[in-house]
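Here is a short report for someone meeting this structure for the first time. Keep the chain in view while reading.

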Amino acid sequence: MQSTRSNKYTTKMTRKRDTTSLEVGEISKNILRTNVLAFAVADYDYLDKLKGANQDLDMVAEIFAENGEVCLYDLQYKQILNPTANQFREEIIHFSTSRSARGDILILYFSGHGAIVGATEFAFCLKDTIIGKDKDKILAITGVRFGDLLQTLSAVAVYPVMIIDACFSGVTASPGISSVAAVMHESLSRHFAGSYALLASSSMDSHSFDSVLGGYFTGALHSIVMNGLDDKKGRHMPFLSL
């Protein structure tokens, strides 16, 4: 993501730069190797519908593809609204099988319901995900497991940047949520060592919330990107790097 503060920096060349030319060069090379897939589910068939997922997708599109002042991936951006589980899988498979070189980067954004399957594994809930008879667990085969996604990307040497704005309310049982974040990080570290990033709205002791204006998490990310960083170092950086 390109910082909106970069123009201010370039007009003041006498001030010391906080990022080296080598760092900027590495980030610039990564831009060419990066694709963005953005998914949002608002209109669920069997789970509670979400009011703000459409707006989340609009904000993400502005960040990555539509706002010329900040976007860097307009030719490498694809979004899918209300995908089914099969459509989600097909997009990941198509992206994975189209790789021609190792070390590509995928920024994957998801806004929708999340679930816990098994003991502590996170799963994406898609449009046709079905909840079980006990009303607090999904039928696992109708969601997409986080671990399956990671294994697929790892098999083609793609480095993931995961941005997940997932609302757990009314979808999953609470006892397992305390260790979900730790399990997600452990899975990422096992498959990708240190070459990954995870930004998630639901932590070990809190839930994300839905509103007609979009999720608070995605809204905060959008605000930071649009306004730039205001700390001493951040306001001189030409990029906001994930």
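## Terms and basis

Contact here means heavy atoms within 4.5 Å. This is a predicted model: local features need pLDDT of at least 70, side-chain atom pairs count only at pLDDT 80 or more, and totals for chains, interfaces and linings use all residues. Residues are numbered from 1 along each chain as its sequence is written, and side-chain values use heavy atoms, with hydrogens and water left out.

## Overall layout

The chain has seven helices and seven strands. These are DSSP runs numbered from the N terminus: helices are H or I with at least four residues, strands are E with at least two. In sequence order the pattern reads α-α-β-α-β-α-β-β-β-α-β-α-β-α.

How many of the residues count as buried? Of 242 residues, 48% do. Buried means under 20% relative accessible area, exposed means over 50%, and partly exposed lies in between (1.4 Å probe, protein chains only). The chain exposes about 11,900 Å², and carbon and sulfur atoms supply 54% of that area. Accessible areas come from the Shrake-Rupley method with a 1.4 Å probe; for residues, only the protein chains shown count as cover. Among contacts between residues at least 6 apart in sequence, 75% join residues at least 24 apart.

## The largest core

A nonpolar core is a set of buried Ala, Val, Leu, Ile, Met, Phe, Trp, Tyr and Cys residues joined through side-chain atoms within 4.5 Å. The largest one has 38 residues. Inside it, L108, F110, F124 and I164 have the most contacts. Elements that give two or more residues to this core are β1 (34–40), α4 (85–97), β3, β4, α5 (146–155), β6 (158–167) and α6 (180–192). Strand β3 gives the largest share, six residues.

F110 shows how this region is packed. Leaving out residues up to four places away in sequence, F110 touches F39, V41, Y44, F88, F124, C125, L126, I163, I164 and D165. Apart from this core lies another, of 27 residues, with V36, A61, F64 and A65 among them.

## Aromatic rings

Rings of Phe, Tyr and Trp (its six-membered ring) pair if their centres lie within 6.5 Å; planes under 30 degrees apart count as stacked, over 60 as edge-to-face and the rest as tilted. By this rule there are seven aromatic pairs. F64 and Y73 make a tilted pair, 6.1 Å centre to centre with 45° between the planes. Both F64 and Y73 are buried.

How are the rings of F110 and F124 arranged? Their centres are 5.0 Å apart and their planes stand at 75°, so the pair is edge-to-face. This pair links distant parts of the chain: F110 is in strand β3 (residues 104–117) and F124 in strand β4 (residues 121–124), 14 residues apart. F110 and F124 are both buried. One aromatic cluster is formed by F39, F88, F110, F122, F124 and F146.

A charge also meets a ring. The charged end of R99 sits over the ring of F95, 4.0 Å from its centre. The rule asks for NZ of Lys or CZ of Arg within 6 Å of the ring centre and within 35 degrees of the ring normal.

Helix α3 covers residues 53–66. Its buried residues are A53, D56, L57, M59, V60, A61, I63, F64 and A65. What covers them includes β1, β2, β3, β6 and α7.

H222 lies in helix α7 (residues 216–227). Is H222 buried or exposed? H222 counts as buried because its relative accessibility is 16%. Beyond neighbours within four places in sequence, H222 is in contact with M59, E62 and I63. The side chains of H222 and E62 make a polar contact at 2.7 Å. A polar contact is a pair of N or O atoms within 3.5 Å; within protein, one must be able to donate a hydrogen and the other to accept it, and residues adjacent in sequence count only if both atoms are side-chain atoms.

## Other local points

N82 lies in the loop between β2 (77–81) and α4. Its phi is near 55°, a positive value in a residue other than glycine. N82 counts as buried, at 19% relative accessibility. A193, in the loop between α6 and β7 (197–200), also has a positive phi, near 55°.

I93 is in helix α4. With a relative accessible area of 47%, I93 is partly exposed. I93 and L153 are 60 residues apart in sequence and 8.9 Å apart in space, C-alpha to C-alpha.
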